[in-house]
Amino acid sequence: MAVAALSVLVPILAGGVLALTSSVERRRVAAVVAVAAVGASAVLLAILLARAGRDGRLVYWWGDWAPRGRVLGIDFAIDGLGAGLALFVAVLAVPALVMAGYAIRASAQLFHGACLVFVAAMIGYCLTGDLFNLFVFFELMSVAAYVLVGYEVRGRAPLEGALTFAVTNTVGSILLLFGIGLVYGEAGSLNMAQIGQALEASGASAVVCVAFALISVGLLVKAAIVPFHFWTADAYGVAPTPVLILLGGVFSELGLYGFARVFWTVFEPALAAHHGTLLAIFVALGLVTGVLGAAMALAQHHLKRMLGFVVI
Amino acid sequence: MTVLPYLVAAWLLIVGLWGVITSRHLVHMILCLGVMQASTYVLLLAVGYRTGGKAPIVTTSVPPSSSFVDPIVQALTLTDVVVEATVVAVLLALTVQAHKRFGTVDPDELGELSG
């Protein structure tokens with residue numbers, strides 16, 4: 001099961017090495033190292049996906065902290081959806097980094113380092129089964145995204161786009177953390193499966209509802225669902241194109257994935273009584289988002305902003 | 001007085017959010033984000049507190065069976081502080097760039113995106 005750990009560690013270590021040695025600016029070497037790290041990660045994730053498809057959900061406990069009665073360790077709970085999405089991220093990152101090798105001229109080594117951390121955080125986010133670990137990877141990928149979107153910081157537009165992006169997403173993540181704190185107080189555990197079991201006993205109490213609302217807001221800001229979609233066009237309009245490949249391909253989809261994972265594993269047993277109402281609310285939000293995104297995309301003249309609205 | 005920390009956390013969150021929305025200076029806006037972050041720290045520590053509990057360190061005079069406050073939330077808070085420090089650093093770097101290149105730190109004046 002070292003395969004699961006390595007698929008996250010290889011890109012992070014490569015990114016760290018590139019950042020440490022960034023004073024020795026070797027653009028070609030940095031690009032090759034980055035593509036190799038992400039390619040290796042993609043191969044490992046393909047192996048994981050094959051195993052998950054064959055054996056069902058795989059669970060990997062970091063540091064061998066397997067549960068003895070209570071869950072104390074952090075785990076990667078890898079099923080087909082998580083592994084598949086992580087593989088998609090890694091595979092998408094290969095052409096993005098190849099393009100970055102050609103397109104990024106200034107401080108290219110730091111760019112590749114930041115991209116590798118971004119990809120590693122997204123992979124970890126898809127694979128994890130612990131709620132706070134989800135938050136940490138969520139923050140890491142957000143911070144890497146702020147840096148990458150605002151990379152061409154000499155122009156006025158990228159600066160403003162990056163600031164809008166960073167402030168809205170930070171507010172979202174603070175609300176997410178507030179919700180996680182409330183959930184921990186209610187359930188006494190951070191492992192998503194165990195929280196689901198604990199909350200089933202306590203039902204849809206006021207604290208659970210408030211926590212669910214806060215966590216939803218945090219994740220839906222990332223997913224660019226109406227009414228939290230205002231940052232998307234600005235951020236997409238100014239990002240350099242290699243970043244846009246990763247951002248448009250997976251970033252918002254990961255917000256939705258996180259939301260689905262948290263809802264089904266953590267909250268669904270507790271909120272089962274209100275299932276119909278919740279379903280109606282989310283379908284309505286999704287419809288409004290889709291229609292609004294399409295309408296605004298038609299009104300755009302700038303290609304990257306149009307892409308941003310299409311993602312919504 | 002066990003409700004007080006939660007009220008403080010909620011108040012800090014709301015005040016911070018209001019500050020972010022109505023801010024006219026980028027550094028002020030980032031500090032208001034810091035206030036919102038502080039509300040999460042207060043909430044986490046309040047969740048972990050046990051009345052009469054000691055600090056979670058087992059020594060020769062403090063047996064393992066005593067009542068401790070929850071150490072997990074303390075670890076969460078420390079992790080949280082580190083994560084939010086990174087975010088604030090990135091935002092401040094962007095602010096410095098805004099001042100250096102465009103001479104303004106007013107978020108409203110930076111508006112240039114349209115189309």
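Residues are numbered from 1 along each chain as its sequence is written, and chains are lettered from A, with ligands numbered from 1, in the order in which they are written. Because the model is predicted, local features need pLDDT of at least 70 and side-chain atom pairs count only at pLDDT 80 or more, while totals for chains, interfaces and linings use all residues; side-chain values use heavy atoms, with hydrogens and water left out.

**The two chains**

Let's start with secondary structure, where helices (H or I, at least four residues) and strands (E, at least two) are DSSP runs numbered from the N terminus. Chain A comes to 12 helices and two strands, in the order α-α-β-β-α-α-α-α-α-α-α-α-α-α from the N terminus on. Its radius of gyration is 20 Å, close to the 20 Å that the globule rule gives for 312 residues, so chain A is as compact as a globular protein of that length. For reference, that radius is taken over C-alpha atoms, and the globule rule is 2.2 Å times the number of residues to the power 0.38.

Chain B has three helices and zero strands, which gives the plain pattern α-α-α.

The table puts some whole-chain values side by side. Two terms in it need cut-offs: buried means under 20% relative accessible area, with exposed over 50% and partly exposed in between (1.4 Å probe, protein chains only), and contact means heavy atoms within 4.5 Å. Accessible areas come from the Shrake-Rupley method with a 1.4 Å probe; for residues, only the protein chains shown count as cover.

| Property | Chain A | Chain B |
|---|---|---|
| C-alpha extent along the principal axes | chain A: roughly 55 × 50 × 30 Å | chain B: about 65 × 30 × 25 Å |
| Residues that count as buried | chain A: 57% of 312 residues | chain B: 37% of 115 residues |
| Accessible surface | chain A: about 11,900 Å² | chain B: about 6,400 Å² |
| Part of that surface from carbon and sulfur atoms | chain A: 71% | chain B: 70% |

**The nonpolar core**

A nonpolar core here is a set of buried Ala, Val, Leu, Ile, Met, Phe, Trp, Tyr and Cys residues joined through side-chain atoms within 4.5 Å. The largest one has 128 residues, and A:Phe118 and A:Phe267 touch the most other members. H6(A) gives the most to this core, with 17 residues. Leaving aside residues up to four places away in sequence, A:Phe118 touches A:Met141, A:Ala144, A:Ala145, A:Leu148, A:Leu246, A:Leu247 and A:Phe251.

**Helix H1 of chain B**

H1(B) covers residues 4–21; at 1.5 Å a residue its 18 residues should span 26 Å, and its end C-alpha atoms are 26 Å apart, which agrees. The expected span is 1.5 Å times one less than the number of residues. The buried residues of H1(B) are B:Ala9, B:Leu13, B:Gly16, B:Gly19 and B:Val20. Seen down the helix axis, they fall within an arc of 135°, so they line one face of H1(B); the arc is that of the directions from the axis to the C-beta atoms. What covers them includes helix H6 (156–187) of chain A together with H2 of chain B.

On the other side of H1(B), B:Leu7, B:Trp11, B:Ile14, B:Trp18 and B:Ile21 are exposed. B:Trp18 has a relative accessible area of 60%. B:Trp18 and B:Met36 are 18 residues apart in sequence and 9.9 Å apart in space, C-alpha to C-alpha.

**A few single residues**

B:Thr40 is found in H2(B), residues 26–48, and counts as buried at 1% relative accessibility. With residues up to four places away not counted, B:Thr40 touches A:Ile174, A:Leu177, A:Phe178 and B:Asp80.

Over in chain A, A:Ser41 lies in H2(A), residues 27–55, and is likewise buried at 1% relative accessibility. A:Ser41 touches A:Ser7, A:Pro11 and A:Ile123, again not counting residues up to four places away.

B:Leu92 belongs to H3(B), residues 71–102, and is partly exposed at 34%. B:Leu92 and B:Ile30 sit 62 residues apart in sequence and 7.5 Å apart in space, C-alpha to C-alpha.
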